[in-house]
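Let's take a friendly walk through this one, part by part. Have a look at the structure first, and then read on.

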Amino acid sequence: MERILSDEIAQHQGKQIMLKGWIYNTRIFKDFAFVILRDRRGLVQCVLNKPEELEKIKDVQVETVIEVIGTPIKQQGSEENYELADSSIKIVNPVMEVLPVIINKKILDLNLDTLLNNRPLTIRNVKQQAIFRIHGIAQQAYRDFMLSRDVVEFFPPTILTGSSEGGSELFTVKYFEKDAKLSQSAQLYKQICIGAFERVFAIAKCFRAEKYATSRHLTEATQYEFEMAFVDNIDQILDFLQETIRFMVTAIKTKGAKDLKTLGIEILDVPPTIPKVTMKEAQEIVFKESDGKQDDRLEPDMSPEGERIMGAWAKKTHQSNYVFITHYPKKKRAFYSQQNAEDGTLTDSYDCIAGGFEIASGAIRINTYDTLRQSAIEKGIDPSTIEDYLNIFKYGMPPHAGFGMGVERFTQSLLEAANVREVTMFPRDVNRLTP
Ligand code: AMO
């Protein structure tokens with residue numbers, strides 16, 4: 001008999017069908033029992049009333065793999081819900097030990113460490129599944145949007161010889177007789193690629209040896225990478241980022257509607273124009289919005305609290321989950337960021353803040369060899385470690401810009417998760433390398 005999925009049973013009313021899945025729960029009475037079966041589409045109640053069937057489930061535990069044959073009928077008192085009547089059950093693979101955590105509840109009552117330590121099991125929880133389906137829909141939407149805009153997907157390497165972002169946040173790995181570095185981003189490769197394709201994107205892993213145990217930092221993260229040629233102003237690239245986000249949010253609201261309902265989350269539409277302010281303006285807003293309590297006006301960067309306040313400000317004044325902040329100081333941005341023409345201490349750079357923290361970052365890039373090489377040296381990068389990248393700037397690189405958006409942080413902001421690890425299936429951080 002062909003297997004039917006849980007959300008298809010209404011179409012088979014009155015006919016015998018087979019379901020396959022896991023025992024979500026059982027309720028055993030004297031003459032009958034309910035077995036709730038979970039499959040990838042949801043839950044179905046199966047009614048067992050033959051003594052030999054009741055015997056089979058006497059000692060089974062939840063998460064046992066089962067096959068059930070029965071007849072779909074409308075549940076008593078319900079117009080929409082169907083159950084499987086007169087069911088017979090086959091135990092395909094019994095559970096061997098008592099589960100270390102209870103997962104068949106709507107809301108998992110576990111602290112984050114327990115949730116993550118038991119991830120192979122806790123992903124089976126219905127709400128947890130919804131999170132990761134949405135995470136997948138977001139990535140599919142990013143890819144769909146990029147392809148619809150004539151952007152070529154490329155696949156950057158992750159084992160490199162040096163730094164792409166500067167700083168000391170690099171993992172070193174033994175590479176035969178040499179040491180190699182794990183990629184901090186696809187930055188250098190996406191820039192190289194625009195010389196051929198003009199517009200490229202990737203969904204690429206990045207590794208950051210950051211010892212921050214914050215709610216936003218992973219040591220292994222993923223980025224929505226993008227780079228585009230013949231762009232020399234911030235508005236043009238931020239318009240593109242705005243449309244990327246809009247497309248993704250719309251796709252998630254449509255394709256992820258069922259999962260969002262399971263999670264009880266309503267997502268705001270992206271407004272026609274995402275608010276855009278310079279870093280200096282943002283610091284003034286933060287000062288005013290906090291009644292002078294948060295004063296970053298003399299700081300060279302946005303503080304986490306400042307970002308939080310900007311997120312709240314965007315929501316309050318523009319009904320937007322997103323705000324762009326532009327023109328960060330040169331000393332805080334990576335070597336490839338173009339210096340601002342009017343104020344040499346600033347760069348033509350930008351971040352996107354969503355719901356109170358940074359989810360994306362980018363800049364118009366330096367596109368001349370000498371300036372780029374000099375900028376790398378000033379930031380402490382040995383030019384010989386990025387020679388192949390630097391050399392391509394001798395051979396005709398157009399003005400270009402791009403962005404990197406955190407894949408996990410995007411989902412975190414969308415689902416309003418307090419911690420990025422909640423939306424990362426198997427997170428890696430300073431304290432965690434398993435499961
Ligand atoms: P940046 O270093 O700001 O810029 O990274 C871009 C985005 O990637 C995400 N991200 C992280 N997410 C989780 N844990 C981390 N440790 C982590 N580090 C970064 C963030 C961040 O906004 N090459 C540039 C981008 C560009 O200019 O195109 C870059 O990597 O959401």
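## Two domains

The centres of domain 1 and domain 2, taken over C-alpha atoms, are 47 Å apart. Keep in mind that this is a predicted model. As for where the domains run, the domain assignment puts domain 1 at residues 6-93 and domain 2 at 126-423.

## Where the domains meet

So what do the two share? On the domain 1 side 4 residues are in contact with 4 residues of domain 2. Together the domains bury about 270 Å², with 35% of that on carbon and sulfur atoms. In domain 1, Arg-38, Arg-40 and Arg-41 lose the most area to domain 2, and together they make up 70% of what that side buries.

There are 0 salt bridges between domain 1 and domain 2. Polar contacts between them come to 1 residue pair, with both residues at pLDDT 80 or more.

## A look at His-135

His-135 sits in helix α4, which covers residues 126-148. Is this residue buried or exposed? His-135 counts as buried, because its relative accessibility is 12%, under the 20% cut-off.

The side chain of His-135 makes a polar contact with that of Thr-411, at 2.6 Å. Leaving aside residues up to four places away in sequence, His-135 touches Val-407, Glu-408, Thr-411 and Val-423.

## The cysteines

The disulfide count is 0. Cys-206 is in no disulfide either, and its nearest cysteine sulfur, that of Cys-352, is 17 Å away.

Cys-193 is buried at 15% relative accessibility, and Cys-206 is buried at 3%.

Technical notes
Residues numbered from 1 in each chain as written. Heavy atoms only, no water. Disulfide = S-S within 2.5 Å. Buried < 20%, exposed > 50% of the residue type's maximum accessible area, 1.4 Å probe, protein only. Helix = DSSP H or I, 4+ residues; strand = E, 2+ residues; numbered from the N terminus. Polar contact = N/O pair within 3.5 Å; in protein donor to acceptor, adjacent residues only side chain to side chain. Contact = heavy atoms within 4.5 Å. Domains from an automatic or database assignment. Buried area = accessible area lost by both parts, 1.4 Å probe. Salt bridge = Lys/Arg side-chain N within 4 Å of Asp/Glu carboxyl O.
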